[in-house]
Amino acid sequence: MSEVPSMDEAVSSGQGAPPLVIDIRGATKVFNPGKSNQVEALDEIDLSVGPGEFITLIGPSGCGKSTLLRLVASLIPPSTGTVQVNAKPAEQARLDRDYGMAFQTAGLFDWRTVTKNIELPLELMGWSRGARRRRAAEMLELVKLSEFANHHPSELSGGMQQRVAIARALSFSPSLLLMDEPFGALDEMTREHMQDELLRIWKETETTVVFVTHSIPEAVYLSTQVVVMSPRPGGIASVIDVDLGDRNASTRDDPAFFTKVTEVRTALRKVEE
Ligand SMILES: Nc1ncnc2c1ncn2[C@@H]1O[C@H](COP(=O)(O)OP(=O)(O)O)[C@@H](O)[C@H]1O
Ligand SMILES: [Mg+2]
């Protein structure tokens, strides 16, 4: 059947790739143009994301975070401007399955086992049964859920369901992972645990991540860069570098962490004025 690269091959094949994973230039988005319910959602977005970055989009509700993520995913086209992913139009990147996505609700199918949920994108891509099984097992190991392979999603906690969703999104080794408030529905302790798990997976897979959140500490804890968005129409107010190094158990108590949290909060207050 289909030739399936191993996880290592799939990851390393990106090595010769051009430096930018995302390159957005002058992108705007107007919904329902010319109609009475016209919405100017995004205004002149320029954004470059290099390989291996962990970018967080943060900003007031309705400022266009999800819209920007959907432009990158080519789920909607920009009204003007260009969106490139891996040096090709976002639409081509979608066809090439260059990215995986995860949302606030895990979106798993309960009539399928956990393994079968992770296999779904591979099934759609025509992978052989054996190759699917092997990859699903690898992914379950990655998200530490091997013993739940044959469970159904409703038998799992919310945090575990999100780990399955992440395993599914990464099953075909996309170079880019797009996440829209994936931990928004989890309680605080589970959420912090998931943040650590995501950082571990990010390092292990060398995937580039674009992550939407409302939470300032979450943005600072996870990111290499925090993109602060301004509302109506949404724009990029500032990009804040977060150079906290490898996160560990003491990071959340580190004065440098609080300094960054304050910096992001100050930038957000400015855009909300
Ligand atoms: N499909 C759509 N049709 C019309 N308006 C939309 C659509 N999607 C989003 N919007 C509007 O665009 C703006 C940005 O929305 P969104 O990107 O969902 O914001 P955020 O994710 O930051 O909360 C909002 O005013 C929203 O109502
Ligand atoms: Mg949103």
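Biologist: Which residues of helix α4 (residues 114-124) are called buried?
Modeller: V114, T115, N117, I118, E119 and L122 are. Each therefore meets the cut-off: 20 or more other C-beta atoms within 10 Å of its own, against 12 or fewer for exposed and in between for partly exposed, with C-beta atoms placed from the backbone. The helix label comes from DSSP runs numbered from the N terminus, with H or I over at least four residues for helices and E over at least two for strands.

Biologist: Before we go on, what sort of model is this?
Modeller: A predicted one, where local features need pLDDT of at least 70 and side-chain atom pairs pLDDT 80 or more, while totals for chains, interfaces and linings use all residues. Residues are numbered from 1 along each chain as its sequence is written, and chains are lettered from A and ligands numbered from 1 in the order in which they are written.

Biologist: What covers the buried residues of α4?
Modeller: The cover includes α5 (129-142) and α6 (158-170); contact here is C-beta atoms, placed from the backbone, within 7 Å. Just after α4, G126 takes a positive phi of about 85°.

Biologist: How do you know that the length of α9 (residues 255-272) fits a helix?
Modeller: The expected span is 1.5 Å times one less than the number of residues. For the 18 residues of α9 that gives 26 Å, and the end C-alpha atoms are 26 Å apart, so the two agree.

Biologist: Which residues of α9 are buried, and why do you put them on the same side?
Modeller: They are K260, V264, A267 and L268. They cover an arc of only 100° around the axis, so they share a side of α9; the arc is taken over directions from the helix axis to the C-beta atoms. An α-helix has 3.6 residues a turn, so residues three or four places apart point the same way. The buried residues of α9 pack against β3 (54-58), α8 (216-222), β9 (225-230) and β10 (235-241). On the other side of α9, the exposed residues include P255, T259 and E272.

Biologist: What makes the protein fit the rule for a compact globule?
Modeller: The rule is 2.2 Å times the number of residues to the power 0.38, with the radius of gyration taken over C-alpha atoms. For 273 residues it gives a value near 19 Å, and the protein has 19 Å, so it agrees. Of these residues, 40% count as buried.

Technical notes
Contact = placed C-beta atoms within 7 Å.
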